[in-house]
Amino acid sequence: MRTLLRTASMATGFVLACATASAAGQAAAAPPANDDCLACHSDPAAARANGSLVAVDPATLAASTHGELTCVGCHTDLATLAEYPHADTLQKVACASCHADVGSTFSDSIHSRARERSGLNVAPVCASCHGAHDILGTADPKSRVAHSQVPATCGTCHDGITQRFATSVHATALQQGDANAPVCSDCHTAHDIQRADTLEARSDATAECGSCHGSLTTAFVRTFHGKVSQLGSGRAATCASCHNAHDILPASDTASTVAPQNLQATCGTCHEGASARFVQYDPHPNPDDYGRGALLWWINRFYWVLIPACFGFFGLHSVLWFWRSTREARAHGEAAR
Amino acid sequence: MTTHVRRFDTPARMLHLVVMVSFLGLSATGLPLLFSDAAWGRFLAGLFGGIHGAGLVHRFFGGVLLLAVTYHVASVSWRAFGRGERGIFWGPTSMMPQPSDVTQFFQQMRWFAGAGPRPKFEHFTYWEKFDYWAVLWGTALMGAAGLILWFPAAAARVLPGWMFNVALFVHGAEAALAIGFIFVVHFFNGHLRPGKFPMDLVIFTGSMSAAEFREERAGEFARLASTGGLAPLAVEAPTPTEQRRARIVGTAGLSIGMALVGLILYAVFS
C-alpha cells in the first residue's frame, strides 16, 4: 500500500514537472514559480558542475523573512528562464533594489570599499552576515544578526578580536542575558563600519561609550585629555587608551588595565614615570560630587561666587560710570553752546 | 614746549607691553581648550597650527608672562629693600590698597549718583590697584596651576594626582575671570569709557597732557604742585610717530581682545 502510494506520487510529480516544463517551453514569458526552482534545488545534493552546493531547504526558506518572496524576485536573471538546467553562475543578487537605504549606507563602509575599490574578495557582502535563503530578523534569537549572535557572526572573519571581546565585561554581561550589553555593531555600527584608527573615529568612540556611560564621558570631555582630543589631537588619551577597546575589564578584575595595581603601568604608557601619587588623578572628575573630591567641590563653589560677584560689581561700576560720563558730557556741551 | 606730564617710565611701559602681548597670546591659544565644544575651537587652534601648535605657543607665552612678573616682583623688591626707596609699600604713589582707596571709592559712587564731585585721585586709583593685584595674583595662581599641568610627573613627586584635577579647574576658572576682566572691565576703565574712547595712549607713550593730568589726578597734581615735584615730570608731547605707533599697538590689542570676547559670547549664547 505504502509502496503503491509512493509510486503514484512520484508519477504525479513527474507528470507535473513535465507539464510545467513544456508550458515554460511554449510560453517563455511566464517566470518560473518557486516550486519549479525547488523541484531541483530542494535536493540536498543539488550542486554545480564544480561540486559547490546550490541546495535550498524549502522549510528554511519558508521560515525566513523572505519566505513570501519569489525566487526570481531576487535572482532576477532567472525570470525569463527558458532552459533547464540554467547557467552555473547567475548575476549577484541586488539586495539594495529593495533595501536602498541600507545599500547606500553600506556602500561607504570599510567592508564595501574593501571589495569594490580594493578588490578584496573575502570582504563581506550582505549575505555574509545575514545569510541568503535563511535570513531572519534581528528580533529572532536564531538570526545571525540577533543581538546575542553578532559577536559570533563578526567572529567568522574577525576571530582574534572576537576572542578578546569574549573575555570582556561587555561579553560577560551579554552572556548573563543583559540586553543592553554592547556587541560589535553597537560601537562599530552594522552597515556604516569605518576604520577605527582615524581622528574622527577617536572622537566618535567617546560618544559611543557615552551612549551608555554618559555621566563619565560628560566628565571626561571637560578634562584636558577630553578637550584636547575634541580639538583634533591624536595623542591625548580617550576611553580606549586606558580601558582598552575589546577586552575591557572592570577595575575590580586584577587583569584590568584600570585595576588599582595596574594604573601606574597604564598611565605610564604616555606619562613616563607615573608614580603612585600620580595615578590618584581622576580621569573623569565631577566638581559637583563632594564625595569624589572635596577640594574640587569647594573650589567649584568658590568660583561660582567669585566670578559672578566680580563681573557683577565691575559691570555695574562700568554702567554707572558710562551713565555719569555721558550726562556730564551733555551738560558740558550745553554749557559751551 | 613741555605740555605733558610723565606718568610711566620705560620699564613700566615695557612691562605692560610684554604682559599685554603674552596675555593676548595666552588667551587666543587657551580659549580653544576652555571652549573646546564651541564651533570655533578647532578654527582658533588651527591659526596656531592645530591644538599642539596652540599648546606650544601657550607654553611659550606662559613662560614669558611668568618671567615678566617674576622680574617685576624682583625689581620692586630691589627698589624697596636694596635701594631703600620709600613709598613703595605705602603712601600716595604705592600700589598698596589703603584707607584712602575706600574713601575715594565711595566718593566715586557719589559722583556716579550726581551727588558730589569726582574724587581727587592720587597716582593710582582703586580700580587700577584692583587691576594690578588681579594680574599679579592671577599670574601666580594660573602660573602655578599651569606648571603643574605642564610637568605632571614632576609635580606628582610632591602633590597627589587629584591636584591635576584641581589645577585644571583653577586654570580654567581663573582664565575665564581674567579674560572677562581684562577684555571687558579693564578695556572699559582704561580705554573705552567716554573721555578716553577709543583708547588711552598714556601706557604706550608714557605721558599725558598736563590738563588731563590735572583733572584726572587732582590729588597727585596738588601734592606735586605744593612740593615742586611737577617740574621734573614735565616732558614734551609725544611726536606724531610715537603717537601713531602707540595707536597701532593699542588698536591691535583692543581688537584682538574684543574679537575673543565676541567668540566667547557666541559660544555662550549659541
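Across the interface of chain B and chain A in this predicted model, the count of salt bridges comes out at zero. What the two chains do have is polar contact: 14 residue pairs between chain B and chain A qualify, with both partners at pLDDT 80 or more. As for who touches whom, 48 residues of chain B are in contact with 43 residues of chain A.

How big is such a meeting place? The size of an interface is often given as the accessible area lost when the parts come together. For chain B and chain A, the buried area is about 4000 Å², and carbon and sulfur atoms give 72% of that. The side of chain B that touches chain A draws two or more residues from each of these elements of chain B: helix 1 (10-34), helix 2 (41-46), helix 3 (51-82), helix 4 (99-112), helix 5 (126-150), helix 6 (152-155) and helix 7 (162-192). Helix 7 of chain B gives the most, with 17 residues. Sorted by class, this side of chain B holds 33 nonpolar, nine polar and six charged residues.

Next, a look inside chain B. Two packed helices are described by the angle between their axes and the distance between the axes. Helix 4 of chain B and helix 5 of chain B pack with their axes 9 Å apart, at an angle of about 120°. Angles from 65 to 115 degrees would count as roughly perpendicular, and only those over 145 as roughly antiparallel, so helix 4 and helix 5 of chain B are oblique to each other. On the helix 4 side of chain B, the residues involved are Asp101(B), Gln104(B), Phe105(B), Gln108(B) and Met109(B), and they meet Tyr126(B), Trp127(B) and Lys129(B) in helix 5 of chain B. By class, that contact has four nonpolar, two polar and two charged residues.

Side chains of opposite charge can pair when their charged atoms come close. A search of the whole structure turns up 19 salt bridges. One of them pairs Arg118(B) with Glu215(B), and the closest N and O atoms are 3.9 Å apart. This pair ties together distant parts of the chain: Arg118(B) sits in the loop between helix 4 and helix 5 of chain B, while Glu215(B) is in helix 9 (residues 210-216) of chain B, 97 residues apart.

Finally, some backbone details. The peptide bond from Tyr84(A) to Pro85(A) is cis, with omega near -15°, and Pro85(A) is found in the loop between helix 4 (71-74) and helix 5 (100-107) of chain A. Chain B has a cis peptide bond joining Phe197(B) and Pro198(B), where omega is about 0°. Pro198(B) belongs to the loop between helix 7 and helix 8 (202-205) of chain B. Thr189(A), a residue other than glycine, has a positive phi, near 70°. Its place is the loop between helix 11 (184-188) and helix 12 (199-210) of chain A.

How values were computed:
Residues are numbered from 1 along each chain as its sequence is written. Chains are lettered from A and ligands numbered from 1 in the order in which they are written. Side-chain values use heavy atoms; hydrogens and water are left out. Contact means heavy atoms within 4.5 Å. Buried area is the accessible area (1.4 Å probe) that two parts lose on being put together, summed over both. A salt bridge is a side-chain nitrogen of Lys or Arg within 4 Å of a carboxyl oxygen of Asp or Glu. A polar contact is a pair of N or O atoms within 3.5 Å; within protein, one must be able to donate a hydrogen and the other to accept it, and residues adjacent in sequence count only if both atoms are side-chain atoms. Helices (H or I, at least four residues) and strands (E, at least two) are DSSP runs, numbered from the N terminus. Ala, Val, Leu, Ile, Met, Phe, Trp, Tyr, Cys and Pro count as nonpolar, Asp, Glu, Lys and Arg as charged, and the others, Gly among them, as polar. Axes are lines fitted to C-alpha atoms, for helices over the stretch in contact, and angles run from 0 to 180 degrees between N-to-C directions. Angles under 35 degrees count as roughly parallel, over 145 as roughly antiparallel, 65 to 115 as roughly perpendicular and the rest as oblique.
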